[in-house]
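Subject: Structure handover

Hello,

Please find the structure below, followed by notes on what came out of going through it.

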Amino acid sequence: MTTDMEHLLNVRLCERFGDAADWAEVTSLTASLLRVVVSALGPEDAVAFLTAARRALDEEESRAGTIHLGFGAHLWTHLEDVSWGASALARTSAWDAMLTMHRLSALAPEPGLGAHVDSALEACRLRLVPAVAGF
């Protein structure tokens with residue numbers, strides 16, 4: 001991950017969750033895993049991956065209380081049509097990091113994985129349009 005991308009991600013997380021020193025444990029752990037996703041995939045593929053993850057979270061939430069296959073299956077479905085530039089190893093790293101983040105969010109549901117994913121998505125999108133972001 002480039003220094004610029006690291007900075008953007010930290011800024012977005014701090015805007016949403018406050019000073020890093022005061023973050024809940026789940027936010028600190030999730031931030032590290034988000035860095036794995038973005039570092040492994042790069043901002044462009046990370047946007048596709050994180051968008052799929054957000055959709056999977058939304059689908060999981062909409063099906064709460066019903067029988068369904070769960071987050072991993074929803075994520076897989078949303079990733080099926082993504083064309084990747086990243087290697088299989090990078091995609092596997094991102095996949096495992098996201099499943100770990102999902103498990104952490106089940107153990108500590110607040111502030112919610114969606115908020116973390118949204119912050120990372122914003123950072124990646126800003127990195128892809130640096131002129132608009134002022135970087």
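Is W76 buried or exposed? W76 counts as exposed, because its relative accessibility is 54%; buried means under 20% relative accessible area, exposed over 50%, and partly exposed in between, with a 1.4 Å probe and protein chains only.

Before the rest, the conventions. This is a predicted model, in which local features need pLDDT of at least 70 and side-chain atom pairs count only at pLDDT 80 or more, while totals for chains, interfaces and linings use all residues. Residues are numbered from 1 along each chain as its sequence is written, and side-chain values use heavy atoms, with hydrogens and water left out.

Overall fold

The chain has six helices and zero strands, so its pattern along the sequence is α-α-α-α-α-α, where helices (H or I, at least four residues) and strands (E, at least two) are DSSP runs numbered from the N terminus. A compact globule of 135 residues would have a radius of gyration near 14 Å, and the chain agrees with this at 14 Å. That radius is taken over C-alpha atoms, and the globule rule is 2.2 Å times the number of residues to the power 0.38. Along the principal axes, the C-alpha atoms fill a box of roughly 45 × 35 × 25 Å.

Of the 135 residues, 41% count as buried. The chain exposes about 7200 Å², and carbon and sulfur atoms supply 54% of that area; accessible areas come from the Shrake-Rupley method with a 1.4 Å probe, and for residues only the protein chains shown count as cover. Taking contacts between residues at least 6 apart in sequence, 72% join residues at least 24 apart, a contact being heavy atoms within 4.5 Å.

Helix 2

Helix 2 covers residues 25–62 and spans only 27 Å between its end C-alpha atoms, whereas a straight helix of 38 residues would span 56 Å at 1.5 Å a residue. The expected span is 1.5 Å times one less than the number of residues. At G42 the helix bends by about 120 degrees, and a proline, P43, follows within four residues. The bend at a residue is the angle between axes fitted to the seven residues ending there and the seven starting there.

- T30 is in helix 2 and counts as buried at 1% relative accessibility. Not counting residues up to four places away in sequence, T30 touches M101, L104, L113 and H116.
- R35 is also placed in helix 2. Leaving aside neighbours within four places in sequence, R35 is in contact with M1, E6, L9 and N10.
- T51 is in helix 2 and is buried, with a relative accessible area of 17%. Not counting residues up to four places away in sequence, T51 touches L121 and R125. T51 and L79 are 28 residues apart in sequence and 9.2 Å apart in space, C-alpha to C-alpha.

Aromatic pairs

The structure holds two aromatic pairs. Rings of Phe, Tyr and Trp (its six-membered ring) pair if their centres lie within 6.5 Å; planes under 30 degrees apart count as stacked, over 60 as edge-to-face and the rest as tilted.

The rings of F49 and W84 have centres 6.3 Å apart and planes at 55 degrees, so this pair is tilted. F49 is in helix 2 and W84 in the loop between helix 3 (71–79) and helix 4 (88–107), 35 residues apart, and the pair links distant parts of the chain. F49 counts as buried at 2% relative accessibility, while W84 counts as partly exposed at 26%.

W76 and W95 form an edge-to-face pair, 5.7 Å centre to centre with 90 degrees between the planes. This pair links W76 in helix 3 to W95 in helix 4, 19 residues apart.

The loop between helix 4 and helix 5 contains P111, and the peptide bond from E110 to P111 is cis, with omega near 10 degrees. G112 lies in the loop between helix 4 and helix 5 (113–128) and is buried, with a relative accessible area of 16%.

Helix 5 has 16 residues and reaches 23 Å from its first C-alpha to its last, close to the 22 Å expected at 1.5 Å a residue. Its buried residues include L113, H116, L121 and C124.

Regards
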